[in-house]
Amino acid sequence: MVLVALALLALPFALAGAGTTWVRVTNLAILFILLSLGLNIVVGFAGLLDLGYIAFYAVGAYVYALLASPHFGIHWPFWVILPLGALVAALFGALLGAPTLKLRGDYLAIVTLGFGEIVRIFLNNLGSPVNITNGPRGIARIDAIRIGELSFARTDSFLGLDFSGPIKYYFLLLAMLVAVIFINLRLQNSRIGRAWEAVREDEIAARAMGIDTTRIKLLAFAMGASFAGVAGGMFAAIQGFISPESFVLVESVMVLSMVVLGGMGNIWGVILGALLLSFVPELLRYTVQPLQQYFFGRMLIDPEVIRMLIFGFALVLVMSFRPGGLWPSAVRKRELAARSEDPA
Amino acid sequence: MLACGQKAFAAGAIETLMDIFIQQLVNGITLGAVYAVVALGYTMVYGIIQLINFAHGELVMIGAMVAFTLIGVLTPLGVPALPAVLVATLCAMTACALLGYAMERLAYRPLRRAPRLAPLISAIGVSIILQHLALLVWSRNPLAFPQIVKTESFALAGATITNIQIGIIVISVAMMLGLAWLVYRTRLGIAMRATSQNAQMAALLGVDANQVIALTFIIGAALAAVAGVMVGSYYGIAHYTMGSALGLKAFCAAVLGGIGNIPGAMLGGVLLGLVEALGAGYIGDFTDNVFGSNYQDVFAFMVLILVLVFRPSGLLGERVGDRA
Amino acid sequence: MSDLLTCSGIGKSFGGIQALAEVGFSITPGEIYGLIGPNGAGKTTLFNVLTGIYAPDRGSLVFAGAQLAGLKPHEIVRRGIARTFQNIRLFANISALENVMIGRHARTRAGLLGAILRNAATRTEEADSESRALALLDLVGLRERANDAAGNLAYGDQRRLEIARALATEPRLLALDEPAAGMNASETRGLRELLLEIRGRGITLLLIEHDMRLVMNLCDRLLVLDYGVTIAEGAPAAIQGDARVIEAYLGAPAEA
């Protein structure tokens, strides 16, 4: 445990030695872990297939971008905007969920997919007549996060170490990740978490246990959305530029692949899935390209295509051969008090 | 997707409101006919195994790609236009039928007893695989429809209708009638309907459910191939991403009509085509040009959400709900 | 004496098929009330109407002085009716203990914030839920299996776990849909003891059952349904001799 913590703390400096790019890649991977853990609440815990999850990420990103950029000339601090982004995303989640969560699971999948597309279309088109989102050109020069005098846009030296922007974001993201994992673990093993699992296992039996299934599903939906909202805000701050292109259906599918491949419902499995699917494409980029150059003298297969094919096959093969994912969730066991305990 | 409803419209000069209306009607029916044919594939598969076959839209794309490639090969060899299109379409149908069969055998059949989400997730995987295999084979660039059929326009009550539009409508109607005959008048159709009503009972009566399900996929896939050729020739191009949006809309059409219901899919397709064309044509007027035809793609999803909220069984469908 | 549950004039049809017609009965507190009838008689439909899975087309259900018709299943649980299912519906991938703890949902309050902060109130509530759930597992003899996935239990154990889960909702009326189905003779005897023990705790029982020996031995009164219609009601001894009941079970009397 301590070793893992130390390794995680030292990691960015080691990566920075190999190039800042790797720190950035790691940051994006953490963002995807945050997204996957959010989606895991919806898909893994409550068993609701959400195919438009990236729309909530987009909502969070745009809330941040609109309230902290020259676009409207508003520059609110991040500690106001990030929670606001989470709130707005949760609100969108509730708005979408309220009428649709009564539907059967596969219908919900399609409606969420449609919702994801609607959000993207609106982001693309709300550049006129009133310029809200700046359309396909996106929003640029988004403020970096700043805590008091500490700006995440520049490099500071501390204790003889260089803290570049990406490294600062790394630590902020790491802190958020720890918080999100903590929240997830607490939620899973709680009255609400058990109710989610009950809905996932058998909705009718869940109702017969006194669970208001519509409400509990809405809660999962809004909760998952709020995680995506925060992650979206961080994405906007880190990138400094966002456009609707970052929020296409493929991204939703990617996050879903991470959850499914890792192991729906198992927090550690989901993290594993997100890490694998975040880093494998990067490795491909650095191996497939030179290998093809070497063997064929030119690029035959775009690593991007290989990445997508891996996602596709991962989904099909995992479902056929290992439906629980690489690291399936196990039956939760409780440490029981001694048998002599007097029954209430 | 392109805002096709606008194509003929923009070309015209000053037309009266009525003419615009009729023009949008023509465009809407054309598009709706294609939606209907694709929606049939969704609805047949759903009716029989309650699976939303996400990859169905990709079959439309592959149908168009295969056919266009073949036409491109055949035409320089001196094959006349009509036989070239015919042969290419037949080959596309065969290719898609095989693909549909393979899809069912490899990705869905092993999951028939799995929880509901499993085949759905598998279907998403298949869709991604097909799309990117197509990207590998045909590259990122769109394939242009070889200009072997000359587009001719006819005047129709103040609007224009092209020979391609007429062709699409005629072929779609013919295929729908053919399918209706197949489902309601043949042994296979009876077996299909029996399996969708009660698979166990049908099996007891000697229906080979696996065979019927495989055939359902094959028929749906062949229809998708024809739809691909039609929609490709309508827009003049085929592209590896064309399937997903079209597939989604066709699915919306199937839900609108009542999923699992064959006449419903036809009705839903045509209605959705009309809603889109008329909606895109008039939304600017209604909203003082705040929204334009670039919102065309939103309509299908709006319709979907409204239908699911207010009448989940669709226009012609039976009640869809959980049973105790 | 006032009845715990009074149903009157209940009707429910599905697409033109009348599943229940004018069904009426009342259950007094503390009794064991049996619901019998041939397959397809409408027994399970009546359960589904009673527990809010279906809304009745007509009629009223008054439970402890309040109208139930139109309430949702989870609201009915809160009022004090719990049930089991004919085709066992446990949460298969969740431990036996947590299955029972899920039954505590309606009687506990912790929300999102409580779950995340795990404050004193939440901790107390969780501990209480766990100890009550363990006590119920003890009652049905499954304490040793507390941490096993419900889906891995033997069939008879699953039936009893479903009863424990239903009891966790603190019902005043426990409705059991064929609790003895698939049990052997000794398991059925055990079940009888269990049901009597539950009644001894002041819980009224309503049960659908095909095991006639169990029904006749256990129930205070019986309601016989056939094709959605009440054909007899009364004490087991009277029902056993009722001509219409015999006809419903054995078919039309032999042509004389």
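Predicted model: local features only at pLDDT ≥ 70, side-chain atom pairs only at ≥ 80, totals over all residues.
## A walk through chains A, B and C

Strands here are DSSP E runs of at least two residues, helices are H or I runs of at least four, and both are numbered from the N terminus; two strands count as paired if DSSP finds at least two bridges between them. Residues are numbered from 1 along each chain as its sequence is written, chains are lettered from A and ligands numbered from 1 in the order in which they are written, and side-chain values use heavy atoms, leaving out hydrogens and water.

Leu5(C) has Ile27(C) as its bridge partner in S2(C), and Phe14(C) stands opposite Ile17(C). The hairpin of these strands has two residues between them, and Gly15(C) takes a positive phi near 50° there. S1(C) also runs antiparallel to S4(C), joined by five bridges, and Ser8(C) faces Ser60(C) across that pairing.

Now step back to the sheet. It is open, has four strands in the order S2-S1-S4-S5 (chain C), and its pairing is antiparallel. Strand S2 (17-27) and strand S5 (66-67) of chain C are the edge strands, each pairing on one side only. As a reminder for reading it, side chains in a regular strand alternate between the two faces of the sheet. Helix H1 (residues 43-50) of chain C lies across S1, S2 and strand S4 (58-63) of that chain, at about 65° to S2(C). That angle is taken between N-to-C directions on a scale from 0 to 180 degrees, with axes fitted to C-alpha atoms and, for helices, over the stretch in contact.

Further along chain C there is another hairpin to visit. Strand S9 (residues 221-226) and strand S10 (residues 229-234) of chain C are antiparallel and share five bridges, with Val224(C) opposite Ala232(C). Two residues lie between these strands, and Tyr227(C) in the turn has a positive phi of about 50°.

Next, move to where chain A meets chain C. The contact (heavy atoms within 4.5 Å) takes 39 residues from chain A and 45 residues from chain C. Together they bury about 3900 Å², 58% of it on carbon and sulfur atoms; buried area is the accessible area (1.4 Å probe) lost when two parts are put together, summed over both. Arg191(A), Met209(A) and Arg334(A) supply 21% of the area that chain A buries against chain C, more than any other three residues.

H7(A) provides the largest share, eight residues. By class, the side of chain A that touches chain C has 22 nonpolar, three polar and 14 charged residues; Ala, Val, Leu, Ile, Met, Phe, Trp, Tyr, Cys and Pro count as nonpolar, Asp, Glu, Lys and Arg as charged, and the others, Gly among them, as polar.

The interface of chain B and chain A is our last stop. Here 47 residues of chain B are in contact with 39 residues of chain A. These chains bury about 3800 Å² between them, 81% of it on carbon and sulfur atoms. Zero salt bridges are found across this interface. The elements of chain B that give two or more residues to the side touching chain A are helix H4 (81-108), helix H5 (117-138), helix H10 (242-257) and helix H12 (296-310). H5(B) gives the most, with 14 residues. The side of chain B that touches chain A divides into 35 nonpolar, seven polar and five charged residues.

Definitions and conventions
Salt bridge = Lys/Arg side-chain N within 4 Å of Asp/Glu carboxyl O.
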